[in-house]
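Q: I have a structure open and I'd like to go through it piece by piece. Can we start with how the helices pack?

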Amino acid sequence: MINIGIIGCGYWGPNLIRNYTQLPNCNMLMCCDSDEKKLNRMNTLFPGIQTTNDINQIITSPEIDAVGIATPVFTHYDLAKEALLHEKHVFVEKPLCHSSDACLELIRLAEKKGKVLMVGHTFEYTAAVNKIKKIVESGELGEILYIASVRLNLGLFQPDINVIWDLAPHDISIITYLLGEHPTSVNGQGKAHYRKDIEDVATITLNFSNGTIAFIHSSWLDPNKVRTTTIVGSKKMLVYNDTEPQEKIKIYDKGVDAPPYYDTFAEFQFSYRYGDIHIPRIEDYEPLRRECSHFLECIEENQTPRTNGYSGLRVVSVLEAANESLKKKGQAVPIRYAKLLRKAA
Ligand SMILES: NC(=O)c1ccc[n+]([C@@H]2O[C@H](COP(=O)([O-])OP(=O)(O)OC[C@H]3O[C@@H](n4cnc5c(N)ncnc54)[C@H](O)[C@@H]3O)[C@@H](O)[C@H]2O)c1
């Protein structure tokens, strides 16, 4: 049995607590929040759970083996570092840290201590994304020409991070996981309409060395909740709509065939293919349950998590480059630690 403590009981933390409470190989021992109101709510939701407003009760407890962190991003590094220094396995919500240097420091510390460091890239545990990965790898879509990911809604405005840091980590983790590649550079453009220097709408472009390109559009200022990823291949096209309860993936047998050779403009004719739409069946399970269970398995079997520290660094290095590009009016910014990430993949 693994004894676990969770720090941060705001919006997301209770989902971690619920899952760890229900998993058989773990004791959900204690939760912590600096806000007493949040702790009162935890006592109501999870009767019998120990609560504290002092992180040291979790971090220094000899009873606790592993710590889950679901606090705002600027607190992740300090909390995770303290937990690792106290010989705990650590799970950190996305994004892993506020900078790639901080991610790397945590990776090195976890390696030195021989502890599991995992990041909560939840979408990599969904049935839909794993099905899409199989489809992409099977070659059914052909060569991947581009990916366009859209994540929009009205709010919730974050006080300390812009919309890219809030919403795009999911898209970056999905895209890099599906392609099995890391971009070489990023362009970003956005605008802060309501708070100075905190962009509420942005688009970023990920440039890959094999010529694939990916666009991510993130917004807190849209009338509709949209979560779609479109993958355009040379043979077929796939649309993943995460707001659909059942038919999340649609594969379109559509495409364009260009003539291989032509002499005159009259001979030049594209042919467009409008074929069938296929909706594959996908398993039904809670991705967060898979993710929490994977963390426990990695601790028990001394394994490296699928979404390990390098996976966290991969996402943060793209976020960082996107932020720098925003300041440089969309100029392409190279990814930091690209060589290290390629080696770690
Ligand atoms: N995986 C996902 O799909 C997903 C979804 C939502 C949020 N998240 C991530 O979860 C994290 C938390 O997001 P949220 O929306 O729950 O934020 P939130 O603001 O609702 O909750 C954060 C909580 O942490 C507490 N807190 C802050 N600093 C603390 C400290 N030093 N010690 C103890 N408690 C502290 C706050 O009082 C608050 O209750 C973020 O990293 C976010 O990106 C992940």
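This is a predicted model: local features need pLDDT of at least 70, side-chain atom pairs count only at pLDDT 80 or more; totals for chains, interfaces and linings use all residues.

Q: Which residues of α7 and α9 make the contact?

A: From α7, they include Ile 164, Trp 165, Ala 168 and Ile 172; from α9, they include Arg 314, Val 315, Leu 319 and Leu 326. Contact means heavy atoms within 4.5 Å.

Q: How do the residues of that contact divide?

A: Into 11 nonpolar, 3 polar and 2 charged. Ala, Val, Leu, Ile, Met, Phe, Trp, Tyr, Cys and Pro count as nonpolar, Asp, Glu, Lys and Arg as charged, and the others, Gly among them, as polar.

Q: What about α4 and α5, at what angle do they pack?

A: Helix α4 (residues 73–85) and helix α5 (residues 100–113) pack at about 10 degrees, with axes 10 Å apart. That is why α4 and α5 are described as roughly parallel to each other. Tyr 77 and Leu 84 of α4 are among the residues making the contact, as are Leu 106 and Leu 109 of α5. The contact of α4 with α5 has 8 nonpolar residues, no polar ones and 3 charged.

Q: New topic. How many strands form the open sheet?

A: There are 9, with mixed pairing, in the order β14-β13-β12-β11-β7-β10-β9-β8-β15. Two strands pair if DSSP finds at least two bridges between them.

Q: Which are the edge strands?

A: β14 (271–278) and β15 (333–334), each of which pairs on one side only.

Q: And how do β7 and β11 run, parallel or antiparallel?

A: Antiparallel: 9 bridges join β7 (residues 144–154) to β11 (residues 221–233). In one of these, Leu 152 has Val 226 of β11 as its bridge partner.

Q: Where do α7 and α9 lie on the strands?

A: α7 lies across β7, β9, β10, β11 and β12, and runs at about 155 degrees to β10. α9 lies across β8, β9 and β15, at about 55 degrees to β8.

Q: How is the protein divided into domains?

A: Domain 1 is 2–123 + 288–309 and domain 2 is 128–286 + 315–344. Those bounds come from an automatic or database domain assignment. The C-alpha centres of the two domains lie 29 Å apart, and 22 residues of domain 1 are in contact with 25 residues of domain 2.

Q: Which residues does a cis peptide bond join?

A: One joins Lys 94 and Pro 95, with omega about -20 degrees, and Pro 95 is in the loop between β5 and α5. Another joins Gly 155 and Leu 156, with omega about -15 degrees; Leu 156 lies in the loop between β7 and α7.

Q: Last one: how are the residues numbered, and what limits apply?

A: Residues are numbered from 1 along each chain as its sequence is written, and side-chain values use heavy atoms, with hydrogens and water left out. Local features need pLDDT of at least 70, and side-chain atom pairs count only at pLDDT 80 or more, while totals for chains, interfaces and linings use all residues.

Definitions and conventions:
Helices (H or I, at least four residues) and strands (E, at least two) are DSSP runs, numbered from the N terminus. Axes are lines fitted to C-alpha atoms, for helices over the stretch in contact, and angles run from 0 to 180 degrees between N-to-C directions. Angles under 35 degrees count as roughly parallel, over 145 as roughly antiparallel, 65 to 115 as roughly perpendicular and the rest as oblique.
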